[in-house]
Every structure is written in structure tokens, then in C-alpha cells.
Amino acid sequence: GSNKFLWQVVPIEFEVARFCGQPGTFGYKVYCSFSRRVMACAVTCPVWHCFGINKKPRFRVRAERLDGNDLSVVSTDGVSVKETTVPVVVGRGYLVDGGNGSLKSRIEKKMGGEELELLWDDGYGTNTVKDYVDAAKDMIKPDGGPPRWFCPVECGRPIKDSPLLLFLPGLDGVGMGLILHHKPLGKVFEVQCLHIPVHDRTPFEGLVTLVEETVRLEHASRLNCPIYLVGDSLGGCLALAVAARNPSIDLVMILVNPATSLGRSRLQPFLPILEAFPDGLHVRTIPFLLSLVIAFVLMRSGEPLKMAEVGVEGGLLPKQKIERISSNLTALLPFYSGLADILPTETLIWKLKLIKSASAYTNSRLHAVKAEVLVLASDKDHLFPSGEEALRLKKLLPNCMIRIFKDNGHTLLMEDSMNLLTVIKGTCKYRRSKSHDFTKDFLPPSMSEYRYTFNNVFGFLNFASCSSLFSTMENGKIVKGLAGVPDEGPVLLVGNHMLLGMDLSSLCEAFLREKKILVRGVAHPELFWGNFHTSSNVFNFFDLMKVMGAMPVSPKSLLKALSTNSHVLLYPGGAREALHRKGEAYKLFWPNQPEFVRFAAQFGATIVPFGAVGEDDMAKVVFDYYDYMKIPMLNDRIKEVIRSGGVQIRDKAKGEVASQEIFIPGMIPKIPGRFYYLFGKPIKLKGREDLVENRESANEVYLQAKAEVERCIGYLLKKREEDPFRSIINRLIYRTFHAPLHQVPSFKP
């Protein structure tokens with residue numbers, strides 16, 4: 001790097017941590033804060049030479065591999081001060097003198113931040129595109145330095161054992177493309193961003209080498225932890241190229257509108273036009289033609305309205321929302337006017353050539369990519385056919401998942417409705433070891449995720465159903481609310497599934513709102529690994545279920561969740577109840593084995609049976625599974641889907657409970673009624689370890705829980721007739737003059 005970024009010490013922030021070096025030298029890890037970024041470096045040299053900044057920055061570093069194989073020489077730019085070699089690196093790993101003139105990587109044991117709390121403030125929406133413009137203006141000033149890594153100050157300190165995330169920028173090269181996501185990502189990742197100076201002309205192979213060296217060094221320091229590469233546009237090509245050259249390194253790649261589709265892009269026709277102008281001609285000297293070309297290329301890359309909607313809450317009144325969006329649109333004007341400074345003519349021509357070479361280089365090596373890949377594509381990308389490219393990459397790459405955003409443009413990371421951390425969590429891509437663990441790697445939902453899920457996605461359902469919840473105290477008294485459900489876990493909630501799982505949203509929202517407790521539901525594995533999961537290309541309801549704590553149903557998942565004292569939601573009837581046939585509303589299809597009782601007894605959990613009713617006030621089933629089977633084409637299609645990759649559970653069970661086929665029943669909607677929940681008297685199993693081995697006693701508890709669920713259902717079906725606000729019309733009239741949605745009265749228990 002340059003003297004400006006590596007050696008100038010300013011009194012804003014200065015932290016020094018000593019590590020061991022050779023006799024007669026001192027080693028320091030130095031953090032220096034400059035405006036909106038932190039430049040981190042490690043130095044090994046006589047201490048009085050650290051601040052001799054008058055020397056020309058130039059040297060080479062030799063690094064030794066740690067995997068026991070032959071030595072490989074890694075060369076980087078550096079600083080030579082009076083013949084003392086000073087290695088400059090970033091991140092957790094750094095170089096120390098290994099003797100005989102070699103340098104070895106050493107792990108820095110960094111203390112992580114505190115664990116995340118439920119409904120934590122992730123800061124998403126507090127930064128906008130205007131903050132990107134302000135940061136870019138500061139970072140594009142010429143300093144003569146090469147491409148380099150920096151750690152944004154806003155990311156802060158991540159939680160313990162957080163993986164490394166390397167951001168590879170797009171066409172702009174500034175490295176601030178994640179600015180809307182710095183705060184959320186900084187809580188769970190060690191974020192480092194690549195900055196490519198405006199006037200830097202490093203070829204694509206040189207950028208690949210730079211990123212590759214960093215990846216190898218970090219991999220050597222933490223062999224069991226994945227490294228995340230987030231590549232935006234051009235950065236997507238860079239990430240794929242590094243992955244192709246390092247198939248043995250555990251990489252998780254998130255590609256945002258990757259530029260691998262340049263051959264079918266709208267950018268390619270502009271390259272001959274821009275190359276026709278003389279070298280050194282700046283965009284400001286041609287206010288018409290060239291400005292028009294650049295404006296078309298860059299302004300068509302994003303959706304301005306989506307950019308302006310960042311930070312605008314969905315619960316605002318229409319007038320307030322319009323005012324906020326209008327204000328944000330006005331603030332976007334500097335973004336477009338500042339593009340000429342970020343990408344002057346010579347730089348834009350160079351970047352287009354760079355993308356051309358990057359696309360060709362990467363496409364020729366896609367066959368070698370073995371890493372885990374998540375492609376995020378915009379359907380309204382006017383620069384690249386990103387939607388089509390995502391589908392192409394899904395076919396070519398062996399471990400690739402895609403999510404397509406219908407209403408977003410090329411600048412996906414700077415537009416609304418795309419919290420990158422939420423997408424990572426919803427696609428189960430966040431992990432801190434070799435494989436994803438639904439318990440250890442689970443991150444509690446943030447406040448912004450809570451609002452988006454229950455206001456934007458499930459807002460209408462929650463409004464229409466206006467759930468009323470009751471619970472049973474230990475003395476048998478039924479009260480309104482959840483006071484009868486224990487606050488301390490482990491707690492196992494077992495009940496009946498309503499049609500299509502319509503009961504899930506209201507139940508989970510009520511526990512979060514009233515008790516500040518996250519209910520972790522166990523769901524059909526088809527939603528995680530089967531055809532339904534792999535065929536879905538949009539970020540959907542089931543992804544949000546995972547964000548809110550859903551995990552695949554299995555003995556292992558249930559045991560792990562109970563071992564962490566969680567509140568676990570289990571529907572023993574599973575898909576058979578959620579996708580029931582005509583005339584089977586509120587009928588239980590439970591297995592004969594009392595396994596969940598034995599699991600609960602193993603950890604001294606409390607079982608809380610509950611019943612839920614209201615689906616018959618929402619819709620009527622008119623076309624069910626038996627009707628599907630009567631149509632030859634549909635019959636064959638459903639069986640083929642199951643054979644070709646559908647996840648089967650309870651394949652050894654007998655009776656109706658063994659029928660767990662996934663299908664969508666035909667329904668006719670009704671004028672909305674209301675959902676009702678009753679949580680029965682808790683069944684405490686603390687001190688009942690005998691149930692683990694004694695199946696007969698466990699079966700008695702099992703039948704007790706099942707009978708309590710049936711009693712709760714019967715009680716609600718009878719008492720709801722007394723509710724004056726069962727009809728949505730009466731509730732609308734009441735809410736016009738009175739309380740919020742969750743305070744609308746119900747029947748008296």
C-alpha cells in the first residue's frame with residue numbers, strides 16, 4: 001500500500017498489540033482509522049523504523065505454505081526500510097519470521113464480541129446510497145497505491161468464531177458496495193473489502209493472484225472455517241476464478257449479478273465507442289455524446305425507486321412513505337453526478353476491457369469450481385441478463401443455489417428488499433465449520449427481519465386472522481394470553497396443524513411480541529433438501545421460515561434444540577395434517593410411537609399441548625390428494641417428483657400418518673374469520689428420566705398430550721361461537737375507534 005494508508009498515524013483511533021518476533025525487533029499489529037475505513041497492517045521491524053515514512057514503498061515478501069507441501073513463493077508489495085523487510089498483510093492471519101529468511105503464518109487469537117440477542121438491532125436501512133457517494137468521494141482520491149484490503153469501521157466487532165468475508169467490488173472498484181450491509185454483516189462476519197484505486201491498471205490475473213494469496217493465507221490460519229467471497233458483477237468473476245484455482249479450500253461464494261454473461265450483455269456494444277476516443281480525454285470535456293453513453297450504461301444498471309426505498313419502513317402512512325421516498329430520490333442525484341469521478345473515461349474503458357478478459361478467463365474454468373455457490377440475480381438487470389445467467393450457472397456448477405429478485409436492477413446490493421444477511425440465513429449458507437448446523441450456526445432474527453416478516457410478508461394474513469390466544473395455568477384456569485406457557489426452556493409445544501400451516505405465523509409472532517421468546521419449529525425436510533427446495537428460485541416464505549428458526553424434523557434436530565433450552569414447536573401430524581383431505585379439518589394424524597415424549601424426558605423438558613382452529617373460516621378444500629390421483633397425468637407427475645428426489649419421512653410408518661406427500665390442495669377462499677389458540681396444562685417431565693427407557697409409561701404421557709390437544713380443539717370450536725368479533729367486519733368497525741390488532745377482544749374463557 002501507499003505511505004498514506006500504512007504509515008501515517010492519526011489521533012482518531014490507534015491500537016497496538018505486540019506479538020513475538022526475532023531478537024532485536026518488535027512486531028506490532030496496527031489499526032489506524034482514516035475517515036470511513038480502517039486500514040489494518042502487521043509490521044516486523046526495528047521499532048524506530050516503523051515511522052520512517054520518507055522511504056519509497058517497495059519490497060517483496062516470501063511466504064511459506066503451512067500444509068506441509070512444497071514451499072510456494074508469494075510476492076507482494078511492501079516497504080523496505082534500511083534493508084529491513086516489513087511484511088504487510090491484513091486480517092486474522094499475519095506473517096512472522098520463521099528463520100532462514102522464511103516467513104510463516106501465525107494465527108491471531110482475537111476475542112469476539114458478545115453473542116447476538118433476540119431481535120437485535122442490525123442497523124439495516126440506516127445507510128443509504130448517499131452514504132456510498134460520500135465514502136466514494138473520499139476513497140477515489142489518487143494516492144498512487146495498489147489494490148488493497150480495508151475493514152469498514154461500521155462493521156464493528158463480530159461475534160465469537162465469525163468466519164471471514166471478503167467483498168470483491170464491481171465495476172466501480174471502490175469497495176464500498178456493501179455499505180448498506182456493513183452493520184448487519186459486521187456482527188457475524190469479519191468483513192474485509194477490496195479497494196481498487198481509480199487509476200490502477202492491474203490486469204485480471206493480477207487481481208486473481210491478490211485475492212488468492214489472501215484466501216490461502218486465511219485458510220492456513222483456520223483450516224476448519226469457511227471463507228466467504230461476495231462478488232458483485234466483476235467481483236463475481238473474480239470469486240469464481242479464485243475458486244476454480246483452489247478447489248480444496250472451503251469457500252462459500254455469493255455472486256451478485258456476476259459478469260460472466262458479458263457476451264450477452266448490453267455493455268459490449270459500448271466498448272468500441274469508448275475506445276474510439278483519444279487517451280486522456282476526460283468525461284467532462286464531452287458533455288453530450290460520451291456523457292450520454294456513460295449515463296446509459298451506469299444509470300440503467302440500477303432501479304432508482306428501489307434505491308430510494310432503502311430505510312423506508314413498511315408501516316408508515318402513505319403520505320409519510322411518499323415523503324421519505326421523495327427525499328431519498330433527491331439524495332440520489334449526487335450518486336449519478338458523482339459517477340463520472342468514480343469512473344472517468346480512461347478508467348471506464350479499462351474496466352470494460354477488464355470485464356471482457358474476466359468473463360473469458362472465468363467461463364473457461366467453471367468446470368473446476370467445486371465451492372458452495374449462491375447466485376443472487378436481478379430480473380430487471382439492464383446491463384447483464386442476470387436471471388438467465390443464474391439459471392445457466394445452476395446447471396454448470398455442482399453445488400449452486402440461486403435466488404432471483406423480480407423487481408431489482410443491477411445494483412442489487414444498494415436497493416431495497418434485499419438484506420444480504422437475511423438472504424444468507426434464509427438459504428442456510430451461514431456456517432462456522434465444515435457443514436451447516438441448524439443449532440450451532442443459527443443466528444436469532446433481528447428487529448428488521450421481525451418487522452419485514454410479520455408486517456410485509458405475513459401482514460395481511462395476520463390482519464385477516466386477528467389471532468386470539470389463550471393458555472392454561474397450572475391450577476387449570478384458562479386465561480387470555482400466554483401466561484400459562486413456561487418462560488424457561490426446554491419447552492416442547494405439540495399441537496395440530498391447520499391447513500397449509502396457516503397457524504405458524506400468528507403463533508410465532510405472538511410468542512415474540514408477548515414473551516420475547518423465539519419458537520423454533522421443526523418442518524418437513526423437503527423444504528430444506530428436496531425438490532421443493534432446489535426448484536425454488538426466489539426468496540420466499542420458506543426461506544423466511546428458516547430465518548425465524550425453522551429446522552428439518554429429525555431426532556437429531558429435536559435433541560439439539562432441546563439441549564439448548566429452546567422452545568420447540570412440533571406437529572406430530574406433519575404434512576398429513578397440513579395437507580389434509582376434504583372433510584378432515586381438525587382431525588389428528590399422529591404416529592403410534594411416543595418418541596417426542598422420550599426426547600423431552602431426556603432433557604427434563606415441559607410438554608405444552610395446544611389446539612388451533614380457524615382454517616374453516618378462511619378457506620374450503622375443494623380439490624385434494626385423492627382428486628389428484630384420479631387424473632392420470634397428475635398422478636404420474638406427483639409420483640415421478642417423489643421418486644426423482646423428494647425427501648421421504650416416516651416411510652416405515654403404517655396408516656394415514658405415513659402419507660406425507662407434498663402437494664397444494666385446491667381451495668376456495670372465504671370471508672376471513674379468526675384464528676384461535678389454546679395452550680393446555682403443561683406436562684412437566686423434569687425428573688422423569690425413566691420415560692426414556694420405559695416405553696409403556698412414555699406412551700401414557702403421549703396419549704395424555706394427544707387427548708389434551710383434542711380437548712383444546714373442542715373447547716375452541718365451541719367457545720368461538722361466543723366471540724362477537726369473529727367476523728372481520730366487526731373487527732374492522734371496532735379497530736376504527738379502539739385498540740391495535742392484537743388487542744381486539746374475544747370470548748371470555
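These legends accompany several close-up views of a predicted model.

Local features are described where pLDDT is at least 70 and side-chain atom pairs where pLDDT is 80 or more, while totals for chains, interfaces and linings use all residues. Residues are numbered from 1 along each chain as its sequence is written, and side-chain values use heavy atoms, with hydrogens and water left out.

**View 1. The chain as a whole.** Let us begin with the setting: the chain has 26 helices and 25 strands. Helices (H or I, at least four residues) and strands (E, at least two) are DSSP runs, numbered from the N terminus. Of the 749 residues, 58% count as buried; buried means under 20% relative accessible area, exposed over 50%, and partly exposed in between (1.4 Å probe, protein chains only). Contact means heavy atoms within 4.5 Å. Among contacts between residues at least 6 apart in sequence, 79% join residues at least 24 apart.

View 2. The structure holds 20 aromatic pairs. Rings of Phe, Tyr and Trp (its six-membered ring) pair if their centres lie within 6.5 Å; planes under 30 degrees apart count as stacked, over 60 as edge-to-face and the rest as tilted. Here the ring centres of Phe438 and Phe528 are 5.3 Å apart and the planes stand at 90°, so this pair is edge-to-face. Phe438 belongs to the loop between α14 (420-426) and α15 (447-457), and Phe528 to the loop between β18 (519-523) and α18 (531-535), so the pair ties together parts that are 90 residues apart in sequence. Phe438 is buried, at 15% relative accessible area, and Phe528 is buried too, at 5%.

**View 3. Phe623 and Tyr628, another edge-to-face pair.** With ring centres 5.0 Å apart and planes at 85°, Phe623 and Tyr628 make an edge-to-face pair. Phe623 is partly exposed at 28% relative accessibility, whereas Tyr628 is buried at 16%.

**View 4. A ring cluster and two charges over rings.** Tyr450, Phe454, Phe458, Phe541 and Phe542 are linked into a cluster by ring pairs. A charge sits over a ring if NZ of Lys or CZ of Arg is within 6 Å of the ring centre and within 35 degrees of the ring normal. Have a look at Lys546, which lies over the face of Phe528 at 5.4 Å from the ring centre. Arg581 lies over the face of Tyr626, at 5.2 Å from the ring centre.

**View 5. The crossing of helices α4 and α5.** The axes of α4 (residues 204-221) and α5 (residues 234-245) come within 9 Å and cross at roughly 60°. Axes are lines fitted to C-alpha atoms, for helices over the stretch in contact, and angles run from 0 to 180 degrees between N-to-C directions. Residues of α4, including Phe204, Leu207 and Val211, meet residues of α5, among them Cys237, Leu238 and Ala241.

View 6. The peptide bond from Gly489 to Pro490 is cis, with omega near 0°, and Pro490 sits in the loop between β16 (478-480) and β17 (491-495). Cys428 is not a glycine, yet has a positive phi of about 60°; this residue is in the loop between α14 and α15 and is buried, at 15% relative accessibility. Leu500 also has a positive phi, near 60°. Leu500 is placed in the loop between β17 and α17 (503-515) and is partly exposed, at 32% relative accessibility.
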